[in-house]
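Here is a short report on one protein model.

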Amino acid sequence: MKKTILLFFLFLTTAPLFAQKFLAVDNYGRNRKKIYEGDRIIFKIKGEKAVYKDELYALKDSSFVLYKSGTEIPLSEVEVIKFPRAYPRVLFGGFGLIGTGFLISSAVHPVVGNAQYDQRQHFFQGAAFWALAFAMRPFFWKNYKLGKNGQAQVLDVTIRKLP
């Protein structure tokens, strides 16, 4: 029983090694980002201002196919690929929560009556924390611009058994 459980967990950890085809996005000097089939991709096409959000349905040699529309997008037409950042979003939520607490405490000040704090001070502190929260908004996304200093390519690192 122990051997089957061990083999099961070993298979789970090595299963992705057998077939890996992914879209590698490189900006020189930064870490490589990998987008696998079925992952969400957010990108802009050259000459357009619209941002497209969809899942990768299939990867071909120099293009990818979107899940919802079924359109094939060549990599040469992609200008920017966006990746979400977690840390600024966490800071946004934390600053917003603290700011809301200060705003609520300034709002309930007249109800408390004999409060130990100044209502205006808590209002300004709450507004300051909300300003810090909104200052995190521009940092929500990491943009990988393709072209001179960046590239995207489809890599197939499938391990095949030799005949």
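The expected span of a helix is 1.5 Å times one less than its number of residues. Helices (H or I, at least four residues) and strands (E, at least two) are DSSP runs, numbered from the N terminus. Helix 4 (residues 119–135) has 17 residues. From its first C-alpha to its last, helix 4 reaches 24 Å, close to the 24 Å expected at 1.5 Å a residue.

This is a predicted model, in which local features need pLDDT of at least 70 and side-chain atom pairs count only at pLDDT 80 or more, while totals for chains, interfaces and linings use all residues. Residues are numbered from 1 along each chain as its sequence is written, and side-chain values use heavy atoms, with hydrogens and water left out.

**The whole chain**

The protein chain has 4 helices and 9 strands. Along the sequence, their pattern is α-β-β-β-β-β-β-β-α-α-α-β-β. Buried means under 20% relative accessible area, exposed over 50%, and partly exposed in between (1.4 Å probe, protein chains only). Of the 163 residues of the protein chain, 27% count as buried. A contact means heavy atoms within 4.5 Å. Take the contacts in the protein chain with a separation of 6 or more: 60% of them join residues 24 or more positions apart.

Accessible areas come from the Shrake-Rupley method with a 1.4 Å probe; for residues, only the protein chains shown count as cover. The protein chain exposes about 11,600 Å². Carbon and sulfur atoms supply 61% of that area.

Which residues of helix 4 are buried? They are H122, G126 and A133. Seen down the axis of helix 4, its buried residues fall within an arc of 40°, so they line one face of the helix. The arc is that of the directions from the helix axis to the C-beta atoms. R120 and F124, on the other side of helix 4, are exposed.

What do the buried residues of helix 4 pack against? They pack against helix 2 (87–107). H122 has a relative accessibility of 15% and counts as buried. Leaving aside neighbours within four places in sequence, H122 is in contact with F102, L103, S105, S106 and Y117. Q125 is also found in helix 4. Q125 is partly exposed, at 27% relative accessible area. Q125 and T100 are 25 residues apart in sequence, and their C-alpha atoms are 9.7 Å apart in space.

Helix 2 has 21 residues, which should span 30 Å at 1.5 Å a residue. Its end C-alpha atoms are 30 Å apart, which agrees. In helix 2, P88, G96, G99, S105 and S106 are buried. Helix 3 and helix 4 are among the elements that cover the buried residues of helix 2.

**A nonpolar patch**

Patches are made of residues with over 30% relative accessible area and no salt bridge: like charges are joined within 9 Å, nonpolar side chains (Val, Leu, Ile, Met, Phe, Trp, Tyr) within 5 Å. I104, V108, V111 and V112 make a nonpolar surface patch of about 370 Å². V112 lies in helix 3 (residues 109–112). V112 counts as partly exposed, at 48% relative accessibility.

**Strand 4**

K53 is found in strand 4 (residues 51–59). It is partly exposed, with a relative accessible area of 49%. K53 and I41 are 12 residues apart along the chain, and their C-alpha atoms are separated by 5.8 Å. Neighbours within four places in sequence aside, K53 is in contact with R40, I41 and I42.

**Salt bridges**

A salt bridge is a side-chain nitrogen of Lys or Arg within 4 Å of a carboxyl oxygen of Asp or Glu. The structure holds 2 salt bridges.

| Pair | N to O distance |
|---|---|
| R32 and D26 | 2.9 Å |
| K60 and E72 | 3.3 Å |

Why does the pair of K60 and E72 tie together parts that are 12 residues apart in sequence? K60 lies in the loop between strand 4 and strand 5 (63–66), and E72 lies in strand 6 (residues 72–74). K60 is partly exposed at 38% relative accessibility. E72 is partly exposed too, with a relative accessible area of 44%.

In the other pair, R32 is partly exposed, with a relative accessible area of 39%. D26 counts as buried, at 10% relative accessibility.
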